[in-house]
Amino acid sequence: MFDRADFCRIAPFGAYVFFMVLEDILLKFGWEANDLRMLYMVKIAVVVGLLWVMRKAYSELRWPVASSFQAWMVAISAGVIVFIAWINLTADWMVMGDPVGFDPRDNNEIDWFLVTVRLIGAALVVPVMEELFWRSFLMRWIDHPNFLTVNPAQVGLKAFCITAALFALAHSLWFAGLFAGIVYNLLYMRSGTLWSPILAHATTNGILGIWIIYTGNWGFW
């Protein structure tokens, strides 16, 4: 059912999800969240390793020849808008489950190594891994199994909606996730390059990380 092109985009995302599930299982078996903080570093290292090993398969990551300053500003602006939505769409009905968060403090002292790893992972690694899976692969694959032949601009409404909905369900702040999924989908379809949603996603996660560190709202991580 899946070929090599599919696997190369599923594997990094699947590894990331595996470590999330593993963390949930360990928490249920009595581990403390603080004892599992280094697991994030392992998770990011595995994802980076997979992305690097399979880098030649990611034709959609070739730098667009016809890129423009305006297109990048649109992507950055969209990322800022998603960040604003993310920290405000927090009503009870907009939240699914009880997120554990990522608290990098020991005796109220911030562990800056953990913070740096988390920020790099969230802003530089996760956007590439997730956009390869959600936008480049899944949204186009729903339209046609030979997804690499699908023009992003011609993705159908069904694929658009399913991808946005699943992206929402993958986040505890599901309503903010739905909004983000819609914005990133539109960016990909409009620009035709995966770098547009990657840049927006990186902007959102980067600003969110800085805001979390500044305000101490660790639950958002």
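Start by selecting Glu131 and Arg135: they sit 4 residues apart in helix H4, so about one helical turn separates them. Helices here are DSSP runs of H or I with at least four residues, strands are runs of E with at least two, and both are numbered from the N terminus. An α-helix has 3.6 residues a turn, so residues three or four places apart point the same way. Glu131 and Arg135 form a salt bridge, with 2.7 Å between the closest N and O atoms; the term means a side-chain nitrogen of Lys or Arg within 4 Å of a carboxyl oxygen of Asp or Glu. Both residues are buried, that is, under 20% relative accessible area, where exposed is over 50% and partly exposed is in between (1.4 Å probe, protein chains only).

Before moving on, note that this is a predicted model, in which local features need pLDDT of at least 70, side-chain atom pairs count only at pLDDT 80 or more, and totals for chains, interfaces and linings use all residues. Residues are numbered from 1 along each chain as its sequence is written, and side-chain values use heavy atoms, leaving out hydrogens and water.

The structure holds 4 salt bridges. For another one, select Asp106 and Arg37, whose side chains meet at 2.8 Å, N to O. Asp106 belongs to strand E1 (residues 105–106) and Arg37 to the loop between helix H1 (4–28) and H2, so the pair ties together parts that are 69 residues apart in sequence. Arg37 is buried at 10% relative accessible area, while Asp106 is partly exposed at 36%.

Now pick Arg105 and Asp103, a salt bridge with its closest N and O atoms 2.7 Å apart. Arg105 is partly exposed at 30% relative accessibility, and Asp103 is partly exposed at 25%.

**A glutamate in a loop**

Next, go to Glu60, in the loop between helix H2 (39–53) and H3. Is Glu60 buried or exposed? With 12% relative accessibility, Glu60 counts as buried. Its side chain makes a polar contact with that of Arg9 at 2.7 Å (a pair of N or O atoms within 3.5 Å; within protein, one must be able to donate a hydrogen and the other to accept it, and residues adjacent in sequence count only if both atoms are side-chain atoms).

**Last stop: helix H6**

Finish by selecting residues 174–191, the 18 residues of helix H6. Its buried residues include Ala176, Tyr184 and Met189.

Notes: Expected span 1.5 Å × (residues − 1).
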